[in-house]
Amino acid sequence: MYGLVNQGLEDFVVQRFGGDTWRQVLQRAGVAQEMFISMDSYPDELSFKLVGAASELLGMDADALLEAFGQHWVLYTAQVGYGEMLAMAGSDLKTFLLNLDTLHSHVGMTFPDLRPPSFEVESLPASEQGLLLHYRSERQGMAPMVIGLIEGLGQRFRQPVTVRQIAFRGPQDHDVFRIEYIEVPAHPAA
Ligand code: HEM
């Protein structure tokens with residue numbers, strides 16, 4: 001994956017646990033480089049090793065770590081130059097989710113070797129609050145990050161969300177999440 005993802009992980013660990021912890025993560029993962037270039041592509045294996053090492057070192061379940069990283073990613077990308085891209089994708093959860101593939105295709109203009117995930121929104125009948133989000137990726141094991149990403153988006157839009165994975169790739173063709181959320185609060189009358 002592009003270095004931007006490893007940098008995001010570094011930022012997450014440094015903010016939460018400090019720079020010394022990050023140095024230990026690099027050491028434990030057996031990663032020689034001390035910094036990543038956002039626009040360089042690195043083997044996926046490297047990112048997975050970093051997550052594995054961080055999870056062992058912090059005594060935190062790898063899925064929980066990926067989820068927390070997903071929440072952080074929404075804040076991180078906004079801070080490192082992608083705020084406008086995020087803003088363009090929508091100002092409420094459902095609109096944003098509908099635009100996720102477009103967002104990644106814009107990202108792909110800057111990162112030509114991007115292998116982005118793909119998302120599809122399935123509306124539910126009005127009687128059932130929420131929606132289903134179908135997630136397809138050529139990578140394995142990132143579903144917990146998707147949960148965190150959706151929670152992060154809920155925070156961004158101040159729309160409290162609950163996310164539950166209801167179908168799993170392997171037994172099923174791909175991962176599916178059921179997302180329940182509060183509709184955008186109506187603007188108070190002027
Ligand atoms: C402007 C903000 C964003 C940028 C710049 C961005 C960029 C990226 C990049 C560079 C990758 C690595 C892919 C590769 O190197 O081949 C990636 C992966 C990913 N992105 Fe985004 N992204 C953004 C927002 C989001 C949001 C809001 C979601 C919410 C669902 C999301 C979901 C994912 C997932 C799940 C992956 C993991 C790769 C996979 O599943 O195969 N991204 N993104």
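Guide: One term to begin with: on a 1 Å grid over the protein atoms alone, a pocket is an open set of points with protein on both sides within 12 Å along at least five of seven lines, a cavity is a set where a 1.4 Å probe fits but cannot get out, and lining residues have an atom within 4 Å of a point. By class, Ala, Val, Leu, Ile, Met, Phe, Trp, Tyr, Cys and Pro are nonpolar, Asp, Glu, Lys and Arg are charged, and the others, Gly among them, are polar. This is a predicted model, where local features need pLDDT of at least 70, side-chain atom pairs count only at pLDDT 80 or more, and totals for chains, interfaces and linings use all residues. Residues are numbered from 1 along each chain as its sequence is written, and side-chain values use heavy atoms, with hydrogens and water left out.

Visitor: What volume does the largest pocket have?
Guide: About 750 Å³, a volume being the space filled by probe spheres set on the points, which are joined across faces, edges and corners. Its lining has 36 residues, and the closest to the centre are Val5, Trp73, His104, Pro117 and Met145.

Visitor: How does the lining of that pocket split by class?
Guide: There are 28 nonpolar, 4 polar and 4 charged residues.

Visitor: Which helix gives the most to it?
Guide: Helix 4, with 6 residues. Helices and strands here are DSSP runs, numbered from the N terminus (H or I, at least four residues; E, at least two).

Visitor: Back to the ligand: which protein donor does the iron atom have?
Guide: A single one, His104 through NE2, 2.1 Å away; donors are N, O and S atoms within 2.8 Å of the metal (3.2 Å for Na, K and Ca), and sites may look incomplete as water is not among the atoms. His104 sits in helix 6.

Visitor: And where does helix 6 meet helix 4?
Guide: Met85, Leu86 and Met88 of helix 4 are in contact with Leu103, His106 and Val107 of helix 6, contact meaning heavy atoms within 4.5 Å. By class, that makes 5 nonpolar, 1 polar and no charged residues.

Visitor: New topic: how many cavities of 30 Å³ or more are there?
Guide: The whole structure has 1, and the largest cavity holds about 70 Å³ of space. Its lining includes Met1, Phe48, Phe69 and Met142.

Visitor: Which elements give two or more residues to that lining?
Guide: Helix 1 (3-17), helix 3 (44-58) and helix 4. By class, the lining of this cavity has 9 nonpolar, 2 polar and no charged residues.
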